[in-house]
Amino acid sequence: MTIRTLIAAGLAIGLCTAASPALAQEKTDAAAFQKMEAAVKATFSRATPEWQKRIELDETQRLCTIARNQVSAADADAIQKRESASIVMPADGKFLGDWKNGFAVANSGRGGQFSDDAKTINGGNCYACHQMDPKELSYGTLGPSLAAYGRDRKYDEAAIKDAWKKIYNSQAVVACSNMPRFGVTKFLDEQQLKDVMAYLFDPNSPVNK
Amino acid sequence: MRLRWMSAAAMAVSLAVGSAGVYAQAAMDESEKEIERYRAMINDPMANPGYLAVDRGEVLWSEKRGKKNVSLETCDLGMGAGKLEGAYAQLPRYFKDSDKVMDLEQRLLWCMQTVQELDTADVVARRFSGPGRASDMEDLVAFIGNKSNGMKIEPQTSHPKEKELTEIGEAMFYRRAGVMDFSCASCHGEEGKRIRLQGLPDFSKPGKAAQDTMASWPTYRVSQSALRTMQHRLWDCFRQQRWPSPDYAAEGLTALTMFLNKQAAGGEINVPSIKR
């Protein structure tokens, strides 16, 4: 309890600015950016064209890279506006799938690595960064605890919609968030998003026990 | 196996107390204890299998190879031809003959190609050892790194190219890309964080975390039953970052190493270490 409160307090402070602790004066200027891009190119010269494309920067990544996540208020607005526009709500209006399948999504860190094969089913890897089911001991702390997430929000409709947006595109909510943009990158498909949503919001999910 | 044992220990504690944060802390403490046990073995060449690589590296250093059929013993690693003491503590550094900043592995490849006129294709193919496949590079790095034990990491900044590459490395550390938008800083940019149960050293600030890390590579990795160098560590982190596989001995890896060593300045080298 105390620990959860402490984390919440820490988060509140952390979220006043953007997502990371780098000092504001540390930026990558235009000259350094050019040199970095040349070095990146040289470093992955043997990767396939498809893989090389994967690490080209989109506009959001470029802004977060240059500012080392400490974007100006104007850039933060621009990022959140652009990323919000990419969000697709579920076609059938239903946000919650099966929480049991949602556990698999939250628990798997597979997919997207150069060691994975084409048949790999992607996982959301939520446990790498978040506490979820309070009985699960192996969880990371890069993100806040999500234990009792639905229960704490009284399974409220608006909270469910907000969480969908957050998981679909974290940067629509927090510019330069350290959380991946799972929906817009198509890393998770709509059904997987619904299932992991149910893991957070189904009253029977162990997250809410 | 080990994880199950850690969880069991954590469970036992949970019966007494009653907060998830506390269970995880207990699991971490157990994992720390296990790492402590490894540390106790580091200085015992009989218990640390990394010393087998050191011995193999010593043989390779003096073995005559290549078109010229000479050893590497005239290779200049920055301290003068053939001088090994303290060389690793000052690498990567600028070399006039190649007009490049090189880390130890780039420099060794350069010496093989120019001093020995050895075709390095096979050496590069075996850059990371596997079952039944030794790696000359891992062995040489273990041998040469070990010759800097007790010395402090001394990042080189006197040549403009050294300064420049360090800055490139720092910029790369914050470059967010790939399907997960990860940069090195996503996982190594804050103190006291962990991914699942693995503690993540914070390299965004100079100091102990960076020192302890950089002063302990090359290392014998128990989980892989192999000695590994920084090239392998960064390759593995790029995998976790969902970036492509980096070229071996590429410029960007040296840039990142320059930056990490800047954060680790003054760390006392003790290698090969032993890690999970």
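Visitor: By class, what residues make up the lining of the largest cavity?

Guide: Rolling a probe the size of a water molecule over the atoms shows where empty space is left. In this predicted model, the lining of the largest cavity has 13 nonpolar, 5 polar and 2 charged residues, where Ala, Val, Leu, Ile, Met, Phe, Trp, Tyr, Cys and Pro count as nonpolar, Asp, Glu, Lys and Arg as charged, and the others, Gly among them, as polar. A cavity is a set of points on a 1 Å grid over the protein atoms alone where a 1.4 Å probe fits but cannot get out, and lining residues have an atom within 4 Å of a point.

Visitor: What volume does the largest cavity have, and which residues are closest to its centre?

Guide: Its volume is about 230 Å³, a volume being the space filled by probe spheres set on points joined across faces, edges and corners. Of the 20 lining residues, B:Y88, B:L91, B:M230, B:T257 and B:N261 are the closest to the centre. The largest share of this lining, 4 residues, comes from α11(B), helices being DSSP runs (H or I, at least four residues) numbered from the N terminus.

Visitor: What lines the second largest cavity?

Guide: The second largest cavity, with a volume of about 50 Å³, is lined by residues including B:L91, B:P155, B:M258 and B:N261. Here α11(B) gives the most, with 3 residues, and the lining divides into 4 nonpolar, 4 polar and 1 charged.

Visitor: Which conventions apply?

Guide: Residues are numbered from 1 along each chain as its sequence is written, and chains are lettered from A in the order in which they are written. As this is a predicted model, local features need pLDDT of at least 70, side-chain atom pairs count only at pLDDT 80 or more, and totals for chains, interfaces and linings use all residues, while side-chain values use heavy atoms, with hydrogens and water left out.

Methods:
1 Å grid on protein atoms, 1.4 Å probe; cavity = no way out; pocket = protein on both sides within 12 Å on 5 of 7 lines; lining within 4 Å. Helix = DSSP H or I, 4+ residues; strand = E, 2+ residues; numbered from the N terminus.
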